[in-house]
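User: I am new to this structure and would like to learn how to read it. Could you take me through some features, one by one?

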Amino acid sequence: MLSEKMQKALNEHLDREMFSSYLYLSMSAYCAKDNLKGFSNWLKIQYQEEMAHFDFIYDYILKRFGTVELGAIEKPKKVWNDIRELFNEVLEHERFISKSINNLVSLAKEEKDFTTDTFLGWFVGEQAEEESNVDEVIGNLSFIDGRGPALLMLDREMATRVFVAPILA
Ligand code: OFO
């Protein structure tokens, strides 16, 4: 059974995961319009991953006899100056999500809620992976200065990403 405090914190994080998916969908649409179909694909998959994260937490709250309470989702941005700015914002956002997960872990430990602590362990690893994946894209973009024919090559590579439904280990 979840404490009121833990349940509230998990519900608040649920909204953040939903906003993440919303944000990446908006970014995906921006890239598609800008003819960067590969980047658009990558971000659309990121959107799907965020929805999976949302589902994991949603299911977990219910499984622990809690109440899901969905909040309002902020409207995401729809325009960026360029692809580098966009990916810098992805990294900034992922760091914000990592902080939110870490706060949940701290609360679970403080409350001696070891079930939730164990559940959140998967998310801790996932955040490290997400930050590192985005950092790699930023590194590649910086290498090619975010433009020119090399950007099209990178766009083709981004098009090869496929969605693999994450599994909670
Ligand atoms: Fe759900 O990991 Fe990104 O936000």
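User: Let me start with a pair of helices. How are the axes of H2 and H4 placed, and at what angle do they cross?

Analyst: First, a caution: this is a predicted model. Now the pair. The axes of H2 and H4 come within 12 Å, and they cross at roughly 170°. That angle makes H2 roughly antiparallel to H4, since angles over 145 degrees count that way.

User: Which residues of H2 and H4 make the contact?

Analyst: From H2 come Phe39, Trp42, Gln46, Glu49, Glu50, His53, Phe56, Ile57 and Tyr60. H4 brings Thr115, Thr116, Phe119, Trp122, Phe123, Glu126, Glu130, Asn133, Val134, Val137 and Leu141.

User: What does the contact of H2 with H4 hold by class?

Analyst: Sorted by class, this contact has eleven nonpolar residues, five polar ones and four charged ones.

User: Let me pick one residue from that list. Is His53 buried or exposed?

Analyst: The test is a cut-off: buried means under 20% relative accessible area. His53, in helix H2, has a relative accessible area of 0%, so it is buried.

User: Which residues is His53 in contact with, leaving aside neighbours within four places in sequence?

Analyst: Its partners are Glu17, Trp122, Phe123, Glu126 and Glu130. Take two of them in turn. The side chains of His53 and Glu126 are joined by a polar contact of 3.1 Å. Phe123 is 70 residues from His53 along the chain, yet their C-alpha atoms are separated by 8.3 Å.

User: Next, a single helix. How do I find its faces?

Analyst: Start with the general idea. An α-helix has 3.6 residues a turn, so residues three or four places apart point the same way. Then look at which residues are buried. In H5, residues 149-158, these are Leu151, Leu154, Asp155 and Met158. Seen down the axis of H5, the buried residues fall within an arc of 105°, so they line one face of the helix.

User: What does the face of H5 turned away from its buried side carry?

Analyst: That face carries the exposed residues Pro149, Met153 and Arg156.

User: And what covers the buried residues of H5?

Analyst: The cover includes three helices: H2 (37-63), H3 (83-110) and H4 (114-143).

User: Asp155 was among the buried residues of H5. What is its relative accessible area?

Analyst: For Asp155 the value is 8%, so this residue is buried. Leaving aside neighbours within four places in sequence, Asp155 is in contact with Asn35, Leu36, Lys37, Gly38 and Phe39. Another pair to look at is Asp155 and Asn41. They are 114 residues apart in sequence and 9.3 Å apart in space, C-alpha to C-alpha.

User: Now backbone angles. What should I look for in phi?

Analyst: Most residues other than glycine have a negative phi. A positive value in such a residue deserves a look. Phi of Lys112 is near 55°. This lysine is found in the loop between H3 and H4, and it is exposed, with a relative accessible area of 62%. Phi of Asp145 is near 60°, again a positive value. Asp145 lies in the loop between H4 and H5 and counts as partly exposed, at 38% relative accessibility.

User: One last stop, the segment after H5. Is Ile167 there buried or exposed?

Analyst: Ile167 is in that segment. It is exposed, with a relative accessible area of 70%.

User: Which residues is Ile167 in contact with, leaving aside neighbours within four places in sequence?

Analyst: Ile167 is in contact with Phe56 and Trp122. Ile167 and Trp122 are 45 residues apart along the chain, and their C-alpha atoms are separated by 9.5 Å. Phe56 and Trp122 also belong to the contact of H2 with H4.

Notes. Residues are numbered from 1 along each chain as its sequence is written. This is a predicted model: local features need pLDDT of at least 70, side-chain atom pairs count only at pLDDT 80 or more; totals for chains, interfaces and linings use all residues. Side-chain values use heavy atoms; hydrogens and water are left out. Buried means under 20% relative accessible area, exposed over 50%, partly exposed in between (1.4 Å probe, protein chains only). Helices (H or I, at least four residues) and strands (E, at least two) are DSSP runs, numbered from the N terminus. The arc is that of the directions from the helix axis to the C-beta atoms. Contact means heavy atoms within 4.5 Å. Axes are lines fitted to C-alpha atoms, for helices over the stretch in contact, and angles run from 0 to 180 degrees between N-to-C directions. Angles under 35 degrees count as roughly parallel, over 145 as roughly antiparallel, 65 to 115 as roughly perpendicular and the rest as oblique. Ala, Val, Leu, Ile, Met, Phe, Trp, Tyr, Cys and Pro count as nonpolar, Asp, Glu, Lys and Arg as charged, and the others, Gly among them, as polar. A polar contact is a pair of N or O atoms within 3.5 Å; within protein, one must be able to donate a hydrogen and the other to accept it, and residues adjacent in sequence count only if both atoms are side-chain atoms.
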